[in-house]
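Here is a brief report on one protein model. Have the sequence and coordinates open as you read.

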Amino acid sequence: KEMAFMQKNGISSISYLDRNYPARLLNFDSSPVMLYFKGQADLNHHRTVAVVGTRDPSDYGRLMCERLVEGLTPYKVLLVSGLAFGIDSTAHRVCLECGIPTLGVLGHGLDRYYPNEHKTMAKKMMDQGGGVLTEFTTGTRPDRENFPMRNRIIAALSDAVGVVESKRKGGSIITAEFANDYNKDVFAI
């Protein structure tokens, strides 16, 4: 059933033994054995940056996120985020406007988009050189415990992580902590 769904929807599975498995993930014991990917992004892009943050940014936070992402344009990065409301979607949107490939890492299977309002954005990301990636099979719901697992992938895939506005606890802090543990550069606005 999973294979039929993947073939019908253009989803590829990537084992940690495959050549196209993200090399940055190979260094970590907690890396997934299998990934599911849809899109055109180079998962071994020469330069990757994650931008994460609050789901409810201030106008200042949104503006700083826009400026940060726009400033990355000349460096030909792949931008990674979580396709969530707030800073994540702002970062993905600006990437689409600036022609930066962007990858959304999901906390559920590729049979849905959460939040559902970002389905159109995800399609544009796939069409414009980016994509969506998950370790979860179809039928996996966007349950709370899946998002820290997603955040470790965002951190491990990135050379640097930018956090734009965050509460003391939450997904962006979890991503920053993973990035710090993985000896990645972590920046904050």
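## Model and conventions

This is a predicted model, with local features needing pLDDT of at least 70, side-chain atom pairs counting only at pLDDT 80 or more, and totals for chains, interfaces and linings using all residues. Residues are numbered from 1 along each chain as its sequence is written, and side-chain values use heavy atoms, leaving out hydrogens and water.

## Nonpolar core

The largest nonpolar core holds 25 residues. Such a core is a set of buried Ala, Val, Leu, Ile, Met, Phe, Trp, Tyr and Cys residues joined through side-chain atoms within 4.5 Å; buried means under 20% relative accessible area (1.4 Å probe, protein chains only). Leu 35, Phe 37, Leu 103, Val 105, Leu 133 and Leu 157 have the most contacts inside it. Helix α5 (146-157) is among the elements giving two or more residues. Its share, five residues, is the largest.

Beyond four places in sequence, Leu 157 touches residues including Pro 22, Leu 43, Leu 103 and Val 105. Contact means heavy atoms within 4.5 Å.

## Helices α3 and α4

The axes of α3 (residues 87-98) and α4 (residues 119-127) come within 10 Å and cross at roughly 40°. Ser 89, His 92, Arg 93 and Leu 96 of α3 meet Met 121, Lys 124 and Met 125 of α4.

## Val 186

Val 186 sits in strand β8 (residues 185-188). Its relative accessibility is 34%, so Val 186 counts as partly exposed (between 20% and 50%). Setting aside neighbours within four places in sequence, Val 186 contacts Val 161, Ala 176, Ala 179 and Asn 180.

Note on methods
Axes are lines fitted to C-alpha atoms, for helices over the stretch in contact, and angles run from 0 to 180 degrees between N-to-C directions. Helices (H or I, at least four residues) and strands (E, at least two) are DSSP runs, numbered from the N terminus.
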